[in-house]
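I open this notebook to record what I looked up, entry by entry.

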Amino acid sequence: MTASQPELDRVLQAMADLASEAFGAADRIESAVSAQLENSPRPTRDGLAQIEPVAAEVLAAPGSNIQGVGFVAAAGVMREARLWLEWYVRDGNGRPSRLEVHPDPLDSDLEDYEPLTWYAVPRDTRARHVAGPYLDSLCSDDYMLTFTQPITVDGTFVGVSGADITVRAVERTLLPVLGSLSAPVAVINTQGRTLISNTGALLCGELVRTPLAELDARSLPGTPLHVVGLKG
């Protein structure tokens, strides 16, 4: 038995709601960054002060699924360093806190994020992207989905805005829906890697070996995520 179309659509809607929350936060960060860079094309960190209150409000919102949010600058945009993350996360007590990855603005030891998909895909395609599930060793050491979108000023790419949602938050939202279904269903990315499923035979991070084109799939528009029905 395979899941019905209405069942697949219910899972897709739950995933779409999470994506809307994340990209809504990224939109707010983009607006703050764009307003600043239009006036000061090469800001200092102090010039990005408008980001912090927006990020704090996003992270402190009741029921928020977002673990991190902020701006990642394109190389050379900032005056103080070649690479720069202006990123805010929930600390161990659930309070918004700036992620400290720049102990010295002149330190060149910050991991080069330019090859990472959450940065490279929006830069190269000028479109939104969802990376994951992956182990976020740069920020949180947690399994994560990262939702990012490009920021351009006068046609020039200046970086990405984005938001992180942990796999645990995805499970909290989707498992009640998946648990009510009559047949196995999974959310996977385009490479076939599982984000979540309602079968113990397919855990987070495992590959669905059947090609996506051969599955009964519902795609989340503008993202590489797909809800697929599996054979029971």
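This is a predicted model: local features need pLDDT of at least 70, side-chain atom pairs count only at pLDDT 80 or more; totals for chains, interfaces and linings use all residues.

Entry 1. I then searched for its charged partner: Glu 114 forms a salt bridge with Arg 82, with 2.6 Å between the closest N and O atoms. The two residues are 32 positions apart and link distant parts of the chain. Arg 82 sits in the loop between strand E1 (68-73) and strand E2 (84-90), while Glu 114 sits in the loop between strand E3 (96-98) and helix H3 (117-125).

**Entry 2. Other salt bridges.** I counted 10 salt bridges in the structure. One of them joins Glu 57 to Arg 28, and its closest N and O atoms are 3.4 Å apart. This pair also links distant parts of the chain, with Glu 57 in helix H2 (residues 51-60) and Arg 28 in helix H1, 29 residues apart. I noted both residues as partly exposed: Glu 57 has a relative accessible area of 49%, and Arg 28 has 35%.

I next examined Asp 216 and Arg 218, whose side chains meet in a salt bridge at 3.0 Å, N to O. Which residues are linked with them in a network of salt bridges? The network consists of Asp 9, Asp 216 and Arg 218. Asp 216 is partly exposed at 35% relative accessible area, whereas Arg 218 is buried at 17%.

**Entry 3. Asp 142.** I located Asp 142 in the loop between strand E4 (129-135) and strand E5 (143-153). Its relative accessible area is 19%, so Asp 142 falls under the 20% limit and is buried. The side chain of Asp 142 makes a polar contact of 2.5 Å with the side chain of Arg 168. Leaving aside residues up to four places away in sequence, I list Tyr 134, Leu 135, Asp 136, Thr 166 and Arg 168 as touching Asp 142.

**Entry 4. Aromatic rings.** My search of the whole structure returned 5 aromatic pairs. In one of them, Trp 118 and Tyr 119 have ring centres 6.4 Å apart and planes at 85°; the pair is edge-to-face because that angle is over 60 degrees. Trp 118 is buried at 10% relative accessible area, and Tyr 119 is buried at 1%. Both rings belong to one aromatic cluster, together with Tyr 113 and Phe 157.

**Entry 5. Nonpolar cores.** I found 65 residues in the largest nonpolar core, where Val 11, Met 15, Val 69, Phe 147 and Leu 174 touch the most other members. Helix H1 (residues 5-39) supplies the largest share of this core, 13 residues. I followed the contacts of Val 69 beyond four places in sequence; among them are Ala 25, Ile 29, Val 58, Leu 59, Trp 87 and Ala 163. A second, separate core holds 7 residues, including Ala 186, Leu 215, Val 228 and Leu 230.

**Entry 6. Helix H4.** I recorded a kink of about 40° at Thr 173 in helix H4 (residues 167-179), shortly before Pro 176. The buried residues of H4 include Val 167, Ala 169, Val 170, Leu 174, Val 177 and Leu 178. What covers the buried residues of H4? The cover includes H1, E4, E5, strand E6 (156-166), strand E7 (185-189) and strand E8 (194-197).

Note on methods. Residues are numbered from 1 along each chain as its sequence is written. Side-chain values use heavy atoms; hydrogens and water are left out. Helices (H or I, at least four residues) and strands (E, at least two) are DSSP runs, numbered from the N terminus. Buried means under 20% relative accessible area, exposed over 50%, partly exposed in between (1.4 Å probe, protein chains only). A polar contact is a pair of N or O atoms within 3.5 Å; within protein, one must be able to donate a hydrogen and the other to accept it, and residues adjacent in sequence count only if both atoms are side-chain atoms. Contact means heavy atoms within 4.5 Å. A nonpolar core is a set of buried Ala, Val, Leu, Ile, Met, Phe, Trp, Tyr and Cys residues joined through side-chain atoms within 4.5 Å. A salt bridge is a side-chain nitrogen of Lys or Arg within 4 Å of a carboxyl oxygen of Asp or Glu. The bend at a residue is the angle between axes fitted to the seven residues ending there and the seven starting there. Rings of Phe, Tyr and Trp (its six-membered ring) pair if their centres lie within 6.5 Å; planes under 30 degrees apart count as stacked, over 60 as edge-to-face and the rest as tilted.
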